[in-house]
Amino acid sequence: MKRLLLTLALLAAAGLSGCTSRTSGVADANAAPATTGGSAKGDFGPPQGEPIHAVLTPPPRVPPPVNRNHPAKVVVELEVIEKEMPISEGVTYTFWTFGGTVPGSFIRVRQGDTVEFHLKNAPDSKMPHNIDLHGVTGPGGGAASSFTAPGHASQFTFKALNQGIYVYHCATAPVGMHVANGMYGLILVEPPEGLPKVDHEYYVMQGDFYTAGKYREKGHQPFDMEKAIDEHPTYVLFNGAEGALTGDKSLAAKTGETVRLFVGNGGPNLVSSFHVIGEIFDRVQPEGGTHPQENVQTTLIPAGGAAIVEFHLEVPGSYVMVDHSIFRAFNKGALAILKVDGPENKEIYSGKEVDSVYLGDRAEPNLKAVSTAAKAHAAGTLTRDEQIAAGKQLFTGTCSVCHQANGEGLEGVFPPLAKSDYFARDPKRIVDAMLHGVSGKVTVNGVEYHSVMPPMNQLTDDEVANIATFVLNSWGNPGGQVTKEQASASRAENPAATQAEH
């Protein structure tokens, strides 16, 4: 009996100790979060001081750290805007956005803050919208409280109980369509002590997009619901557009600095295998959770999830960020660049990579010439010079690795495009080679080659026409002009040419 009473007393004391710990976490605004789990660990009592209006930033920018030692009332004002924007060079899409960008504005608060959220829906919107924040504790994450018709505004309040990096998105039916049109973003709930200081913080978010036209098909492209349901995206992109973080829009840092990336995945369907070519993540918080991993090569980010990755930069160069489901990077657009300046460190790495090998056409500062040619074609004013300029930029990524930037090819392996008698005899061959491939023995400029040219029919008809026109007018070739219609006619001759011969 005495042993039973002693056991009960110990259990009671343990229970009281647990209650005391949790209660003190609520009462003391500066107390460290409890480690026993449960959302009460982030409740540090009522807000202190005057309300603060949150600084919201468009991607890839991140608001400054909170730098507070107490909870506050934070007012967040966000507007839904439906707008037409480029999704690729010469391709536009009607995005539905939080704050006018894809992803939406970055929100940054402190654990324990009380957030007063104001959601507006622009008067010219065609659809009602709402917001579901994964950092909200409560049914729907705020969705039921924020349903907002065009020209109206909604307001609700929540307490940010859990630290971490969280996705927010629209949850108005059909939910998948709203998310697929770009309605997602990130909210960071800082721990009370803040995050460790780094040199740069950037905001990167992946999404998959479903257009009626094929990849890079020019003009305005509508949303394709059937592709979305079948989970067959046309584009997989960082920050809502192909090239949003490449060329003159690349992220920047210097050797000796540490970079922190807040990486989200809006989905709506695909899981991201996030990787930076040439770097190893020193620290990763998978899914934004509390316990980090170290020395990570590639991290999985689920649809509707996010991660925090950090790495220190030792050597300069162009670091390519990809979804390592690799066809998404090089054939659907999931590619971004971090350009690092600084002195070489040959003890660590012997030299820089050739940018064009990894970056393709994104090695160019921009693809303005491609957009110019697309607009001119739509207006019926396309000139040969505009095609040549666009074709030169596209050639860099599609053809230059094998045929070289000067068109000389590789001796004994890939035939030259420069001063090519093969094309001079029949200029149509260049279009057919791109769309149908070439296998078996061919003789170019008196030299026999026996290699394989796989069909490049992932290219659109206007891209084929522009590349062919560039080649015909470069390196001593006879000149000429190939039209989009000629490329289309060649494609129709063998529409099933999809396989490379091995």
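In which loop does Leu195 lie? Select Leu195: it lies in the loop between β9 (184-190) and β10 (200-209). Helices (H or I, at least four residues) and strands (E, at least two) are DSSP runs, numbered from the N terminus. The model on display is predicted, so local features need pLDDT of at least 70 and side-chain atom pairs count only at pLDDT 80 or more, whereas totals for chains, interfaces and linings use all residues. Residues are numbered from 1 along each chain as its sequence is written, and side-chain values use heavy atoms, with hydrogens and water left out.

**Around Leu195**

Leu195 is partly exposed, with a relative accessible area of 22%. Here buried means under 20% relative accessible area, exposed means over 50%, and partly exposed lies in between (1.4 Å probe, protein chains only). Next, display the residues in contact with Leu195, where contact means heavy atoms within 4.5 Å. Not counting residues up to four places away in sequence, Leu195 touches Arg108, Leu188, Glu190, Glu201, Arg260 and Phe262. Then select Asn67, which is 128 residues from Leu195 in sequence and 9.7 Å from it in space, C-alpha to C-alpha.

**The open sheet**

Select the five strands of an open sheet with mixed pairing, in the order β13-β21-β20-β15-β18. Two strands pair if DSSP finds at least two bridges between them. The edge strands, β13 (251-254) and β18 (298-301), each pair on one side only. Focus on β15 (residues 272-277): four bridges join this strand to β18, and the two run antiparallel. Within this pair, Phe274 stands opposite Thr299 in β18.

**Two cis peptide bonds**

Move to Pro268, in the loop between β14 (258-267) and β15. The peptide bond from Gly267 to Pro268 is cis, with omega near 15°. Another cis peptide bond joins Ala173 and Pro174, with omega about -10°. Pro174 is found in the loop between β8 (164-169) and α2 (175-180).

**Two positive phi angles**

Select Glu231, in the loop between α3 (225-230) and β12 (235-238). Its phi is positive, about 60°, although Glu231 is not a glycine. Trp475, in the loop between α11 and α12 (484-493), also is not a glycine and has a positive phi near 60°.

**The nonpolar cores**

A nonpolar core is a set of buried Ala, Val, Leu, Ile, Met, Phe, Trp, Tyr and Cys residues joined through side-chain atoms within 4.5 Å. In soluble globular proteins, nonpolar side chains tend to be buried together. Which residues of the largest nonpolar core touch the most other members? Of its 29 residues, they are Phe395, Ile430, Val431, Met434, Val464, Ile467 and Val471. Among the elements that give two or more residues to this core are α7 (384-398), α10 (428-436) and α11 (461-472). The most comes from α11, with seven residues. Centre the view on Ile467: leaving aside its neighbours within four places in sequence, Ile467 is in contact with Gly391, Leu394, Phe395, Thr398, Cys399, Met434 and Leu459.

**The cysteines**

Finally, select Cys402, which is partly exposed, with a relative accessible area of 31%.
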